[in-house]
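Hello,

Here is the structure for you to look over.

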Amino acid sequence: MQVVYIDQDLCTGCERCKEVCPADAISGEYGKPQAIDANKCVFCGQCIQICNAFVSNHAKDNLCIKKKKKERNMLSSVKEPLFAAYNIGHAPLVKEKLRDKSLFKMVQCAPSVRVSIGEDFGLAYGTVTPGKMAAALRRLGFDRVYDTNFGADMTIIEEVSELIKRMSEGATLPMFTSCCPAWVKYVEYFYPALIPHLSTCKSPHQMQGALMKTYGAKIDNVDPGCVYTVSVMPCTAKKFECQRPEMEDSGYRDVDAVLTTRELAYLIKEAGIDFKALPEENFDAPLGDYTGAGAIFGAAGGVMEAALRTGYEFITRNTIPKVDIEEVRIGTGVKRQNIKIGDREFRVVIVAGLKNARPLLEQVKEGKADFDFMEVMACPAGCISGGGQPKVVITTDN
Ligand code: SF4
């Protein structure tokens with residue numbers, strides 16, 4: 001399933017997408033339309049964020065704009081320019097499902113979305129709006145508004161238990177995180193022999209989706225077959241991940257559709273909801289409750305910090321004396337750290353930006369890895385810089 005495309009009519013061949021593509025999946029001559037190799041693309045959407053070749057929505061050729069919106073599966077009311085690099089949308093499909101009275105609609109939101117969606121409504125960069133987002137989702141018609149942070153908390157308990165088990169039993173190490181679907185795809189495409197190093201855990205939104213379809217359905221006393229689940233993500237790769245055939249082992253598809261942060265903003269605008277004026281509302285309980293560990297997954301190093309906090313409690317059976325583990329925080333690039341917990345030493349590596357992972361993977365391939373656990377997030381600063389986040393539009397066209 002392909003998720004990210006380059007429109008051959010709009011691409012000017014500036015090659016900026018080629019420069020940022022971490023999988024070397026984009027090719028073409030300078031000045032000519034670029035092409036994506038579907039067998040290499042990991043769907044991170046960094047090409048979408050960098051692309052500045054566009055056609056304005058006010059362009060004269062209205063018919064062509066309409067056709068392109070249809071091809072891209074976008075809402076027809078979206079006013080933003082159409083860029084050459086784009087992802088397939090799901091907003092029209094979700095809108096249709098929200099109208100379907102036979103369905104019980106549940107939504108979950110990733111931590112990075114609440115930090116950025118305000119930008120699309122003129123709020124200052126970094127304005128955190130979880131309450132307004134929850135209110136907007138209810139007004140759009142969702143019956144339950146849950147939080148991916150709950151799933152992130154579960155992921156960390158599962159992942160750290162797996163790491164401790166692997167270390168105790170001498171199983172395959174180093175272990176790699178599996179939260180980022182672009183990273184998982186990268187290992188599958190380019191280093192298939194290293195697949196056993198990936199944690200067996202699903203990503204947080206897939207775990208949460210499975211719970212919403214099963215436990216969530218039970219709480220509300222509805223037939224799981226009538227539950228429709230949507231994830232709002234900063235990520236384009238998660239559109240691919242939710243369609244993976246294995247993501248339905250409860251008997252129901254974990255997540256039926258993924259909306260990016262941009263798509264949610266379009267839906268809110270189209271519905272005429274005044275985002276800034278919305279009251280602050282809470283997420284629904286119990287699948288909207290979470291700890292601080294779940295909340296830090298959005299930034300690179302967050303998964304590692306959460307894992308070490310939980311690992312401390314699992315190993316020592318004591319509450320961690322200092323919850324912040326600054327040693328594993330990272331902006332971009334690679335960071336190595338040795339952390340002592342009880343009588344064990346955890347040699348960890350945190351990688352932000354997929355391009356930085358290759359030398360470490362080569363090390364693992366050659367049997368020379370000197371670390372036990374590696375977190376990799378494909379996007380340059382983790383999910384906060386994901387391919388589905390609000391896009392800075394530089395345009396003089398109107
Ligand atoms: Fe998606 Fe986050 Fe991975 Fe980027 S870093 S591809 S946003 S999961």
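The C-alpha centres of domain 1 and domain 2 lie 33 Å apart. Domain 1 covers 4–87, and domain 2 covers 172–193 + 300–382. The bounds come from an automatic or database domain assignment. Seven residues of domain 1 and nine residues of domain 2 make the contact (residues are in contact if their C-beta atoms, placed from the backbone, lie within 7 Å). The domain 1 side that touches domain 2 has five nonpolar, one polar and one charged residues. Here Ala, Val, Leu, Ile, Met, Phe, Trp, Tyr, Cys and Pro count as nonpolar, Asp, Glu, Lys and Arg as charged, and the others, Gly among them, as polar.

Two points on the source. This is a predicted model: local features need pLDDT of at least 70, side-chain atom pairs count only at pLDDT 80 or more, and totals for chains, interfaces and linings use all residues. Residues are numbered from 1 along each chain as its sequence is written.

Now the strands (DSSP E runs of at least two residues, numbered from the N terminus). Four of them form an open, mixed sheet, ordered β9-β14-β13-β12. Its edges are β9 (175–176) and β12 (333–341), each pairing on one side only. Pairing requires at least two DSSP bridges between two strands. β13 (residues 344–352) runs parallel to β14 (residues 373–377), with five bridges.

Elsewhere, β10 (residues 227–233) and β11 pair in the parallel sense over four bridges. V232 is opposite L259 in β11. From β11 (residues 257–260), A257 and L259 point one way, V258 and T260 the other. All are buried (20 or more other C-beta atoms within 10 Å of the residue's own, with C-beta atoms placed from the backbone).

Best wishes

How values were computed: Two residues are in contact if their C-beta atoms, placed from the backbone, lie within 7 Å. A residue is buried if 20 or more other C-beta atoms lie within 10 Å of its own, exposed if 12 or fewer, and partly exposed in between; C-beta atoms are placed from the backbone.
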